[in-house]
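I am opening my notebook to write down, entry by entry, what I look up in this structure.

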Amino acid sequence: MEPVWFTFLNGSDIEQLELTDIEILDAVEEGLRAQGLGETVIEPRVHLMPDPSFNGHFNVLRGYVAPLALAGVKIVGDYVGNYKAGLPSEMALLNLFDPRTGMPVAVLDATAITEMRTGALTALGARHLARPDARVLGHIGARATSYWNVRLLDRIFDLTEIRVHSRRPESREAFAERLERELGKPVIVTEDWKTCVDGADIVVEASRLERPEPLLKTEWIAPGALVVPYGTHSAVELTLTDIMDKIVVDDWGQAHAGPFGALRAHVDSGRLDESNLHGELGEIVAGSKPGRESADETNLFWHRGLSLSDIALGAAVLKKAEERGLGQKLRFS
């Protein structure tokens with residue numbers, strides 16, 4: 001039997017690639033388009049909770065993207081208290097396979113990939129569902145994905161006002177400093193949720209709550225705004241969906257399955273189902289459903305995170321690494 005080799009890319013390799021904003025957005029959009037055209041297989045994520053006392057769990061995401069000829073499985077550790085030990089709250093490994101033979105193609109440190117693809121999904125959702133003239137962002141949360149949310153939203157909209165808030169003052173101050181340094185524009189640090197999101201054109205809720213708590217009030221959302229909630233535990237009121245003209249998700253199969261998610265209570269109570277769901281973002285990207293159709297629409301985009309986005313961005317990373325001679329070839333058999 002011929003030897004089987006696969007590529008291993010660590011975090012340093014991926015950092016050296018210096019992926020551009022456009023490369024990230026294009027790769028994730030390619031995965032969404034394939035999904036919208038029915039050229040993918042995605043299974044709802046599953047969770048492993050080793051022990052409640054550890055205050056964390058693993059997410060396992062699985063998918064197949066036919067145009068890329070890749071299947072993938074990503075495992076993400078999500079441990080809220082890791083900052084106390086000087087560790088990131090989220091770490092990830094992405095395994096890519098040849099779907100025709102089942103043989104491994106690559107194993108990638110997917111921590112940065114997860115952060116980038118999450119921000120890209122937020123930004124691409126806004127490209128299709130926010131007003132084109134949206135300029136004011138209210139962002140809750142300062143976790144690793146938050147940076148990419150703001151950076152890629154700014155790339156698309158050239159924001160004139162960026163407000164940020166998070167639970168810990170030290171985290172929101174450091175977050176704002178990084179954004180100001182890298183975006184070259186001022187960032188407003190707010191002391192509370194209301195000041196952050198009230199009347200903003202785009203509201204992103206990426207909080208790190210330990211249990212559901214309705215901290216984001218529906219009355220703060222301006223007509224014509226886009227709201228993007230994706231916290232693990234819900235931070236929004238049940239009435240939030242009542243004011244929406246369009247509700248879009250990344251994948252309905254995932255949205256109405258599993259114990260976590262920003263709109264978990266809305267699905268479980270019947271406030272959100274297929275009758276009032278506008279569609280999936282991939283359908284909008286592929287052109288089978290419309291995005292925003294008027295300036296006064298108030299819209300919501302809820303994303304749980306797509307294995308397809310991980311696979312698509314992982315494929316782009318792998319291709320660029322091969323071109324630059326980065327990574328290690330490891331023998332499987």
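**Entry 1: two loop residues**

I looked up A69 and found it in the loop between β3 (56–65) and β4 (70–79). I keep in mind throughout that this is a predicted model. The phi of A69 is near 55 degrees, which is a positive value in a residue other than glycine. I then asked how accessible A69 is, and with a relative accessibility of 29% it counts as partly exposed.

I noted a second case of this kind at E18, which is not a glycine either and has a positive phi of about 50 degrees. E18 sits in the loop that lies between α1 (11–17) and α2 (21–36). Is E18 buried or exposed? Its relative accessible area is 61%, and since the cut-off for exposed is over 50%, E18 is exposed.

**Entry 2: the sheet of 7 strands**

I traced an open sheet of 7 strands in the order β2-β3-β4-β5-β6-β1-β15, and its pairing is mixed. Which strands stand at its edges? They are β2 (40–48) and β15 (328–331), and because each has a single partner strand, one side of each is left without a neighbour in the sheet. From one strand to the next, the twist averages 15 degrees.

I looked at one pair in detail: β2 and β3 are joined by 7 bridges and pair in the antiparallel sense. Within this pair I found V46 opposite V60 in β3. Helix α10 packs on the sheet, where it touches β1 (5–9), β2, β3, β4, β5 (90–97) and β6 (104–109), and its direction makes about 75 degrees with that of β3.

**Entry 3: the sheet of 8 strands**

I traced another open sheet, of 8 strands, with the order β9-β8-β7-β10-β11-β14-β12-β13 and parallel pairing. The edges are taken by β9 (188–189) and β13 (279–280), each of which has a single partner strand, so one side of each is left without a neighbour in the sheet. I reminded myself that strands of a sheet pair through backbone hydrogen bonds, in either a parallel or an antiparallel way.

How many bridges join β12 to β14? I found 4 bridges between β12 (residues 246–249) and β14 (residues 299–302), and these two strands run parallel. One of the residues involved is K246, whose bridge partner in β14 is N299. Helix α4 (residues 144–157) packs on this sheet and touches β7 (136–140), β8 (161–165) and β10 (202–205), with a direction that makes about 170 degrees with that of β7.

The crossing of α3 past α4 is right-handed. The residues that meet here include M116, A120 and A123 in α3, and W148, L152 and I156 in α4. By class, the contact of α3 with α4 holds 10 nonpolar, 6 polar and 2 charged residues.

With α2, the angle is about 95 degrees and the axes are 11 Å apart, and α2 and α4 are therefore roughly perpendicular to each other. Here D21, I22, I24 and L25 in α2 meet W148, R151, L152, R155 and I156 in α4. I counted the classes as 6 nonpolar, no polar and 3 charged residues.

With α5 (residues 169–183), the angle is about 35 degrees and the axes are 11 Å apart. The crossing of α4 past α5 is right-handed. In this contact, S146, Y147, V150, R151 and D154 in α4 meet F175, R178, L179, E182 and L183 in α5, and the classes are 5 nonpolar, 1 polar and 4 charged residues.

My last entry is L306, which has its place in the loop between β14 and α10 (307–324). Is L306 buried or exposed? At 0% relative accessibility, L306 counts as buried. Leaving aside its neighbours within four places in sequence, I found L306 in contact with residues including L32, I42, L61, L121 and D250. L306 and L121 are 185 residues apart along the chain, and their C-alpha atoms are separated by 8.9 Å.

Note on methods
Residues are numbered from 1 along each chain as its sequence is written. This is a predicted model: local features need pLDDT of at least 70, side-chain atom pairs count only at pLDDT 80 or more; totals for chains, interfaces and linings use all residues. Side-chain values use heavy atoms; hydrogens and water are left out. Two strands pair if DSSP finds at least two bridges between them. Contact means heavy atoms within 4.5 Å. Axes are lines fitted to C-alpha atoms, for helices over the stretch in contact, and angles run from 0 to 180 degrees between N-to-C directions. Buried means under 20% relative accessible area, exposed over 50%, partly exposed in between (1.4 Å probe, protein chains only). A crossing is left-handed if the near helix is turned anticlockwise from the far one by less than a right angle, and right-handed if clockwise. Ala, Val, Leu, Ile, Met, Phe, Trp, Tyr, Cys and Pro count as nonpolar, Asp, Glu, Lys and Arg as charged, and the others, Gly among them, as polar. Angles under 35 degrees count as roughly parallel, over 145 as roughly antiparallel, 65 to 115 as roughly perpendicular and the rest as oblique.
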